[in-house]
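Hi everyone, thanks for coming. Let me put the model on the screen, and then we can walk through it together.

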Amino acid sequence: MALRVDPQPNSFGARIDGVDLNTATAVSTHSGQDSGALFERLRDLWLRYQVLVFPDQNLDEDGLVRVTQAFGPCGSEPYLTPSQRHPRVVEIRRARNEAASPFGVSWHSDWSFKAQPPAATLLLSKVVPPRGGDTWFADGFRAYDALPAEEQCTLEGLTAIHSARRSYSPTGYFATDQAPRAMAIKTDPSAYATQTHPVVRTHPESGRKALWINGVYTVGIRELPGPRGDALIERLCRHATQPEYVYQHRWEANMLVIWDNRSVQHCATAGYDGYERVMHRTTTAGSVPR
């Protein structure tokens, strides 16, 4: 297969044409042929560009899981009910008449409150509205690189406290929001638990440093309790999501996007009231942030 790579500005994100991921993984699985060289190349591109976009991918749930496993072992999805057709797939669905805000509209890194957050997230578009519903991605590498050297040094000595409590606890957003949702979202007291991670994360494969905090799951700074820590988180989150670090992705039907959760924040956008939007999502297992 002749891959065509079309990078976004600043080499953050790239569109990959000329590959049929369903065929590549199915051939490898059923005939024993090796597609390892292809996925080694794709993995190299993923590490370089952080966000890869694959148009025209006709994948069912089994096919999406095969592609996921080509990048790494499947991760777990706390608080989200899996698809009835595959336990590793989550359906991100919003009905055309739904009054609730879209799922994931605030900047975040997936499941950063876990001891080992996912390395990759894969999102496959199944039903795309004619307007709105974009996903935005923010580059944690360039956000860190742009900070003054003195501040970089200070931040490298700090640890952030992450928790799912704002979203998934019995007093969190999804428990108290009364608007009906097409998605089945679970809440649980386990969401009150906390996990500490470095504010500046060193990527385990590339060695690059990323600013690794987010406005949803980062609830404090261990070394700066109270308002000082809250103010720092707010300032860093504003810095990390400035337009110059953001790639605004517009979806097409049957488009697969994979991003590196170890250096990238993302958020969904609204603007498609009156239309249905359906995505299928998986993650790959990650490692302890260092």
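Let's start at one pairing: Arg 93 has Val 278, in E15, as its bridge partner. Before going on, a word on the source: this is a predicted model, where local features need pLDDT of at least 70 and side-chain atom pairs count only at pLDDT 80 or more, while totals for chains, interfaces and linings use all residues. Residues are numbered from 1 along each chain as its sequence is written, and side-chain values use heavy atoms, with hydrogens and water left out.

E4 and E15 (residues 277–284) run antiparallel to one another, over five bridges. Strands here are DSSP runs of E, at least two residues, and helices are runs of H or I, at least four, numbered from the N terminus; two strands pair if DSSP finds at least two bridges between them.

Zooming out, seven strands make an open, mixed sheet, ordered E1-E2-E3-E13-E5-E15-E4. Its edges are E1 (4–7) and E4 (90–94), each pairing on one side only.

Now, the rings. Which residues do ring pairs link into a cluster? Tyr 79, Phe 103, Trp 111, Phe 113, Tyr 168, Tyr 173, Phe 174 and Tyr 217. Rings of Phe, Tyr and Trp (its six-membered ring) pair if their centres lie within 6.5 Å; planes under 30 degrees apart are stacked, over 60 edge-to-face, the rest tilted. Trp 111 and Phe 113 are edge-to-face, at 5.6 Å and 65°. Trp 111 and Tyr 217 are tilted, at 6.5 Å and 40°. Trp 111 sits in the loop between E4 and E5, and Tyr 217 in the loop between E10 (209–211) and E11 (218–221), so this pair ties together parts 106 residues apart in sequence.
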